[in-house]
Amino acid sequence: MIKHPLCKYTAFVALILIIPFVLKGSYLINVMVFVGINTMLAIALNLLLGYAGQISLGHAAFFGLGAYLSGVLTATHGMNPWLVMVAAAVGVGLLAFVIGFPILRLKGHYLAMATLGFGIIVYIVFNETVDITGGPSGLSGIPNLKLGPVAFDSDLKNYYLVWIVTLLVVLLAVNLADSRIGRSLRAIHDSEVAARVMGVNARLLKVQIFALSAVISSLAGSLYAHTMAFVAPASFGFNFSVELLTMVVIGGLGSIYGSFLGALLLTLLPEFLRFLHDYDIVFYGLLLMVMIMFMPGGLVRGIPALLRRMMTGRKKGETVDA
Amino acid sequence: MGHRLLSYLLAAVFMLSGASAFAAPTIKIGALFSVTGPAAFLGEPERNTAVMVVDQINKAGGIKGKKIELIVYDTNGDATKAKQLVNKLIKNDKVSAIIGPSTTGESMAIINDVEKAGVPLISCAAGIKITEPVKKWVFKTAQNDSLAVARIYEYLQKNRLNKVAILTVSDGFGQSGREQLKAQAKKYGISVVSDDTYGPKDTDMSPQLTKIRGSKAQALICWGTNPGPAVVAKNARQLGLKMPVFMSHGVSSKKFIQLAGDAAEGLKLPSGKVIVADLLPASDPQKKSLMAFVNDYKKHYRAEGDHFGGHAWDAVMLLKGAIERGGDTPAAIRDQLEKTRQFHGIGGTFTFTSQDHAGLGKDAFVLVEVKNKDWVIVK
């Protein structure tokens, strides 16, 4: 077992680099692009929920803001997509920072309600500002990204583009989680009062991590807009916020690689349940229920425990901790 | 946990990638319908109809001796999923043509992909943006909203009602209707004196209607899909609104009459001919197709065939015609689709040209009125 974080990361990078060769020519490359985007989003939410213990039911809004800012400014106003991407991330981060102060004073259900409200407001704005966003039927004509002579116009190129950014986000998140800040966040998670007594500026730190989370989400949104070349409000509604939450919980709270597993599972699973036709949704729901019942720590802890149990040959009387 | 977990994942990825089959020569046609999710009311009848029609064609010996293999995927009404699935249809299933998706948003999301891959797409969504401007590989069967608006305005003009209030739902359908209602008003000498919207899930429209009652409007046009317009009809009756009320083709199904109950009486709306198929004169060129579709659908699914199913019926039959005339390669299908002339389908009589990939005229709609809980054609 590789315990060292650097080895883990290298193995992860290797996996990501191998996948395109394995999936050569398959439509699954396209699905993997979205797995990358969802991984970023899940990590963003995990930093907030899994580490700092602050729930958000409105993360689809940050994702949507990034996507729409990129979409509108490049498609309608013809601005440089890379500049817009950075500007959108900064803008969304600032917005999160500003609303973070009042919102993050709330706890538990109240915080969930406030973030939910924020998500719904943004969703309504996407729908109603028809002249700017194109309204419910969406905004098309968003250009693909270009870097010098390379235009990111195929699934494979987009795969590399999205995953390079995702790998950077993973690196950042892993380092952050393992730093003084990460430890402070976990302290806030366990007891905010205790953390403050120990000299952690809990209020500021919560807002900062909320803003960082929004920045990553916005970045994912910009990439989404340019790879899809189309955005519509339906992709950024409450349902998607809940789906993100599911990814984080199923993958494993407080684990960066867990977020990847959650995103991978929830994005790919529907593809492999298609043979069940009309019953796929039932099975999908059932599977999620079973997973959360038997792997409450998420896939990232549940799968190794399961494998260990299988390898030790289920010796009677022996219990394996999950 | 690191590498062991990852290597298992990798093994899983390996196994999944080897799945592609080779079968007897068939014509593969892909279909993307939103069978579940918020647009299921579109996708379900579309899927049912497509499956039914393809079965019938295959039982009758296929097209030029080749059977059709229909590959249907459910998009959940989600543009992201539609994008993934259209890639699957093109790259994995290698289909010759695609029908669907059910909604305008999903259709817009996948246009780039079919254009790039060169696979003909016949969308079942109504949005005017899908075929305007014309895209080489994209066609559609659902009637443009502009034709429905024109039907209402013609009637209003004839009856000298020139001040209207419009009340539209704030989703893609209502948005498109609202744009068309405002854009075409001038042409018919009509002025929109009140312009309001309501949310798709609103349960009371009295405030908007009270405002409209106080305006100078001589007629109310409400643009939405179930259940909103039924609420409008009920509220209008409760408020004692005297002006004639028009609905859109978005509610031209029996379901609307059930929802609105007595309040539906006397409402007028433009509609495709499916719901009044049996009332049409035998001289109507669409009569034969319409009766075939309505009867078959009832026999198969014990339900009323509706417009949405009709869009899929048209899409499959247009493809059949194109393949019969040309070959079954994507390029041949596209070229022949564009040469479709006077095809009497469910949604109307289609004539595609290189400038028009929607193919329908004003005759696609008739104006109907609700009388005794049923439809009658307004002359």
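How many residues does the contact take from chain A and from chain B? The contact takes 38 residues from chain A and 35 residues from chain B, where two residues are in contact if their C-beta atoms, placed from the backbone, lie within 7 Å.

This is a predicted model, in which local features need pLDDT of at least 70 and side-chain atom pairs count only at pLDDT 80 or more, while totals for chains, interfaces and linings use all residues. Residues are numbered from 1 along each chain as its sequence is written, and chains are lettered from A and ligands numbered from 1 in the order in which they are written.

**View 1. The side of chain A that touches chain B.** Helices H1 (5-22), H2 (28-51), H5 (108-128) and H14 (299-311) of chain A each supply at least two residues of this side, and H1(A) gives the most, with eight residues. Helices are DSSP runs of H or I with at least four residues, strands are runs of E with at least two, and both are numbered from the N terminus.

**View 2. Ala187(A) in helix H8 of chain A.** Helix H8 covers residues 180-190, and Ala187(A) is buried because 20 other C-beta atoms lie within 10 Å, the cut-offs being 20 or more for buried, 12 or fewer for exposed, and partly exposed in between, with C-beta atoms placed from the backbone.

**View 3. The surroundings of Ala187(A).** Leaving aside neighbours within four places in sequence, Ala187(A) is in contact with Ala194(A), Ala195(A), Met198(A) and Val200(A). Met198(A) is eleven residues from Ala187(A) in sequence, and the two are 9.2 Å apart in space, C-alpha to C-alpha.
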